[in-house]
Amino acid sequence: LAAGVAQADVSFSGMGEAGVFQDVNATGDEVAAADMTVYTGYDLNVAVSGASDNGMTFSAGFDMGAGSLHDGGDKQMDAQADDVALSAVTIGYAGVTIVVGQDKSDDLYDDGENGDIAISGAFGGLNFAAVLDTDSAETSNSFSLSGSAADMTWSVVSTDTDPSGNAAAKVTVGYTVSDALSLSFKHDNKGAADAINTVGATYTMGALTLGASADDNNDNDISVGYVAGPMSVTFATDEDSAWEADAAYDLGGGATAFASMDSTDYTAVGLSFAF
């Protein structure tokens with residue numbers, strides 16, 4: 001039955017998690033530390049990949065899950081869908097990658113928007129990408145172009161439909177001063193809003209990494225990161241003293257113990273394991 005069919009690879013991956021959390025924002029009520037809630041969750045991904053005789057590669061899959069998982073970036077609990085969700089289909093050929101799937105690709109300017117077809121690849125020293133949304137009332141398109149020269153990197157990102165429905169673009173330039181220090185500059189025209197210019201710097205001293213950024217809209221961010229063997233700790237705050245902190249300890253074998261909290265009294269402590 002398999003005669004003439006390209007050999008396909010099937011892989012399973014995912015993660016499980018268990019811990020306790022409290023999220024004042026989720027209820028609107030003050031929650032005492034003693035009232036932290038126990039949670040568990042898992043996310044399972046199944047991927048199928050293969051290649052045709054002419055060198056074209058392809059992959060697809062699905063994922064399923066249940067319960068909730070801690071989202072350290074957004075400081076919230078993410079509910080896992082208890083039904084099977086199909087992934088996009090990814091096709092690769094001659095250095096170009098095409099991803100097809102309804103709402104499966106983020107808009108390149110703002111990941112709050114999404115598209116249905118994404119194309120990416122490289123041409124010489126340039127990297128390019130484009131995302132097309134085919135099913136919206138106002139079809140949107142976004143693209144990016146990036147490259148590097150010596151110690152400098154640059155990128156240009158544009159969309160014709162930002163979250164406010166306007167065309168917008170941003171240009172980012174990075175410069176590596178030394179092994180320890182790097183600088184960045186970003187100009188974001190913000191569509192119909194006022195443009196914002198942001199400068200940033202990152203400095204590394206052994207296990208310690210310091211980061212700072214400021215823009216002409218009076219927004220400032222400061223971060224500190226520390227990594228020592230299996231342990232990592234990060235702390236970040238802004239001009240409004242809205243801070244967040246994360247700590248993780250790699251237990252080996254895909255298991256990680258973590259603690260996460262922020263200035264809104266969100267707290268999560270638990271154990272995650274990847275498989």
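pLDDT is the predictor's confidence in each residue, from 0 to 100. The model on screen is predicted, so begin by colouring it by that score.

**Whole chain.** Show the protein chain as a cartoon. Its mean pLDDT is 90, and 93% of the residues reach 70 or more. Along the principal axes, the C-alpha trace spans about 60 × 45 × 45 Å. Of the 275 residues, 24% are buried. Among contacts with a separation of 6 or more, 29% are between residues 24 or more positions apart.

Where pLDDT is low, the predicted coordinates should not be read in detail.

**Nonpolar core.** Select F21, Y39, M77, F258, Y266 and A268 and show their side chains. These six residues make up the largest nonpolar core. In soluble globular proteins, nonpolar side chains tend to be buried together. Now centre on A268. Leaving out residues up to four places away in sequence, A268 touches V20, F21, H70, F258, A259 and S260. Two of these contacts, F21 and F258, are also members of the core.

**Strand β13 and D188.** Move to strand β13, residues 181-188, and pick D188 in it. Is D188 buried or exposed? D188 has a relative accessible area of 8%, which is under the 20% cut-off, so D188 counts as buried. Display the side chains of D188 and Y109: a polar contact of 2.6 Å joins them. Beyond four places in sequence, D188 is in contact with Y109, A169, K170, A195 and I196.

**Largest pocket.** Rolling a probe the size of a water molecule over the atoms shows where empty space is left. The largest pocket holds about 190 Å³ of space. Which residues line the largest pocket? Select Y109, D110, D162, P163, S164, K170, K186, D188, K190, I196, T198 and D215 to see the lining. D188 and Y109, the pair joined by the polar contact, are both in that lining. K170 and I196, which are in contact with D188, also line the pocket. To finish, colour β13 and β14 (196-205): each supplies at least two residues of the lining.

Definitions and conventions:
Residues numbered from 1 in each chain as written. Predicted model: local features only at pLDDT ≥ 70, side-chain atom pairs only at ≥ 80, totals over all residues. Heavy atoms only, no water. Core = buried A, V, L, I, M, F, W, Y, C linked by side-chain atoms within 4.5 Å. Buried < 20%, exposed > 50% of the residue type's maximum accessible area, 1.4 Å probe, protein only. Contact = heavy atoms within 4.5 Å. Helix = DSSP H or I, 4+ residues; strand = E, 2+ residues; numbered from the N terminus. Polar contact = N/O pair within 3.5 Å; in protein donor to acceptor, adjacent residues only side chain to side chain. 1 Å grid on protein atoms, 1.4 Å probe; cavity = no way out; pocket = protein on both sides within 12 Å on 5 of 7 lines; lining within 4 Å. Points joined across faces, edges and corners; volume = space filled by probe spheres on them.
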